[in-house]
Amino acid sequence: MTDAPDPAALALATACAEALWRSDAATRKLGMAYTVLQPGAVDMTMQVTADMTNGHGTCHGGFVFALADSAFAFACNAYNQVTVAAGASIDYLRPALEGDTLVAAARERRRGRRTGVYDVTVTNKDGATIALFRGRAAITSKPVLPST
């Protein structure tokens, strides 16, 4: 990601993220926030609250997955083509704790005409890796932006 993205591609990715954000109630409800770095790459944050902890006092894995999945969605919908998950897997490496601010960094590995592969690394406030997520995307011909 050392190359600066094309300004038009960055503007399109930003418009797609804004449109997705407006319609993604789950992501907003969980307190997530995103930064579009460039097409196919998004960082998303979420603070672990008491309501997200499990019986062991750590963040429930479903919330970590939801964060990674949202980052994946924003990264792969940056091209104005509705893209959905065809599959995903996650490996949990260490627990997240109440009060942690988690960062999910989604990066495109390959994008073809109909499919894509994205890796998401979830880290805590200290930069320790919490989880590794891989998503497989199915690309449709429907536009993300309603006016196109």
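Contact here means heavy atoms within 4.5 Å. The structure described in this report is a predicted model.

## The loop residue Ala128

Ala128 is located in the loop that connects S5 and S6. When neighbours within four places in sequence are set aside, Ala128 is in contact with Arg94, Val122 and Thr123. The residue counts as partly exposed, because its relative accessibility is 22%, and the buried class requires a value under 20%.

Ala128 and Ala86 are separated by 42 residues in sequence, and their C-alpha atoms lie 28 Å apart in space.

## The sheet

The fold contains an open sheet of 6 strands in the order S1-S2-S4-S5-S6-S3, and the pairing is antiparallel. S1 and strand S3 (83–92) form the edges, each pairing on one side only. On average, and with direction ignored, neighbouring strands of this sheet are turned by 20 degrees against each other. Helix H3 (residues 61–76) packs on the sheet and touches S1, S2, S3, S4, S5 and S6. The direction of H3 makes about 150 degrees with that of S2.

In a regular strand, side chains alternate between the two faces of the sheet.

## Strand pairings

S1 pairs with strand S2 (residues 41–47) in the antiparallel sense, over 5 bridges. Within this pairing, Tyr34 stands opposite Met44 of S2. The two strands form a hairpin with 2 residues between them, and Gly40 in the turn has a positive phi of about 85 degrees. S2 is also joined to strand S4 (residues 101–111) by 7 bridges, and these two strands run antiparallel. Asp43 has Ala105 as its bridge partner in S4.

Strand S5 (residues 115–123) and strand S6 (residues 129–139) are paired over 9 bridges, again in the antiparallel sense. Here Val122 has Ala131 of S6 as its bridge partner. Val122 is also one of the residues in contact with Ala128.

## Aromatic pairs

A pair of aromatic rings is described by the distance of the centres and the angle of the planes. The structure holds 6 aromatic pairs. In one of them, the ring centres of Trp21 and Tyr34 are 5.5 Å apart and the planes stand at 55 degrees, so the pair is tilted. Trp21 belongs to helix H1 (residues 7–23) and Tyr34 to strand S1 (residues 33–38); the pair therefore ties together parts that are 13 residues apart in sequence.

Trp21 is partly exposed, with a relative accessible area of 23%. Tyr34 is likewise partly exposed, with a relative accessible area of 23%. Elsewhere, ring pairs link Phe65, Phe72, Tyr118 and Phe133 into a cluster.

## Cysteines

A disulfide is a covalent bond between the sulfur atoms of two cysteines. A search of the whole structure finds 0 disulfides. Cys16 is in no disulfide, and the nearest cysteine sulfur, belonging to Cys76, is 11 Å away. The cut-off for a disulfide is a sulfur pair within 2.5 Å.

Cys16 is buried, with a relative accessible area of 1%. Cys59 also counts as buried, at 7% relative accessibility.

Conventions: Residues are numbered from 1 along each chain as its sequence is written. This is a predicted model: local features need pLDDT of at least 70, side-chain atom pairs count only at pLDDT 80 or more; totals for chains, interfaces and linings use all residues. Side-chain values use heavy atoms; hydrogens and water are left out. Rings of Phe, Tyr and Trp (its six-membered ring) pair if their centres lie within 6.5 Å; planes under 30 degrees apart count as stacked, over 60 as edge-to-face and the rest as tilted. Helices (H or I, at least four residues) and strands (E, at least two) are DSSP runs, numbered from the N terminus. Buried means under 20% relative accessible area, exposed over 50%, partly exposed in between (1.4 Å probe, protein chains only). Two strands pair if DSSP finds at least two bridges between them. Axes are lines fitted to C-alpha atoms, for helices over the stretch in contact, and angles run from 0 to 180 degrees between N-to-C directions.
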